[in-house]
Amino acid sequence: RNQLQNQDKNAVLAKNWHHWLQILAEYSCKDLYTAEAPPTLLVHGERDLVVFHEQSEQLSGILPQARLESFTGCGHAPHWHDATRLQALIKHHANI
């Protein structure tokens, strides 16, 4: 959020970005009721600049049945980085 907020404030989309950044600044997953959340597979690229790894770690700590899988050297697109591994993780998670 901080990195996006520092972008050119005169950009065409800045108005929309700043609106959503303000919502993100006030939003917290810490208040979510997660006791009955289903088993959840979280997949994260270690070089993701959109969702930071610390955020995925926090979410996996909040969800009682979460499993966090990290993709080394990957950005925000694990499905492009290693589609075979991602498919295998999803199949295993879904018991397929």
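Contact means heavy atoms within 4.5 Å. The legends below use that term throughout.

This is a predicted model: local features need pLDDT of at least 70, side-chain atom pairs count only at pLDDT 80 or more, and totals for chains, interfaces and linings use all residues. Residues are numbered from 1 along each chain as its sequence is written, and side-chain values use heavy atoms, with hydrogens and water left out.

View 1. Helices (H or I, at least four residues) and strands (E, at least two) are DSSP runs, numbered from the N terminus. From that end, the order is α-α-β-α-β-α-α. Buried residues make up 19% of the 96 residues. Buried means under 20% relative accessible area, exposed means over 50%, and partly exposed lies in between (1.4 Å probe, protein chains only). Among contacts between residues at least 6 apart in sequence, 59% join residues at least 24 apart.

**View 2. E69 sits in strand β2.** The strand covers residues 66-71. E69 has a relative accessible area of 16%, so it counts as buried. Leaving out residues up to four places away in sequence, E69 touches L41, L42, V43, H44, R85 and L89. With R85, the side chain of E69 makes a polar contact, side chain to side chain, at 3.0 Å. A polar contact is a pair of N or O atoms within 3.5 Å; within protein, one must be able to donate a hydrogen and the other to accept it, and residues adjacent in sequence count only if both atoms are side-chain atoms.

**View 3. The charged end of R85 sits over the ring of F71.** The distance to the ring centre is 4.1 Å. The rule asks for NZ of Lys or CZ of Arg within 6 Å of the ring centre and within 35 degrees of the ring normal.

**View 4. L86 belongs to helix α5.** This helix spans residues 83-93. L86 is buried, because its relative accessible area is 14%. Its contacts, not counting residues up to four places away in sequence, are V43, F71, P78 and H79. L86 and V43 are 43 residues apart in sequence, yet 8.1 Å apart in space, C-alpha to C-alpha.

**View 5. The largest nonpolar core has five residues.** They are L41, F71, C74, L86 and L89. Such a core is a set of buried Ala, Val, Leu, Ile, Met, Phe, Trp, Tyr and Cys residues joined through side-chain atoms within 4.5 Å. In soluble globular proteins, nonpolar side chains tend to be buried together.
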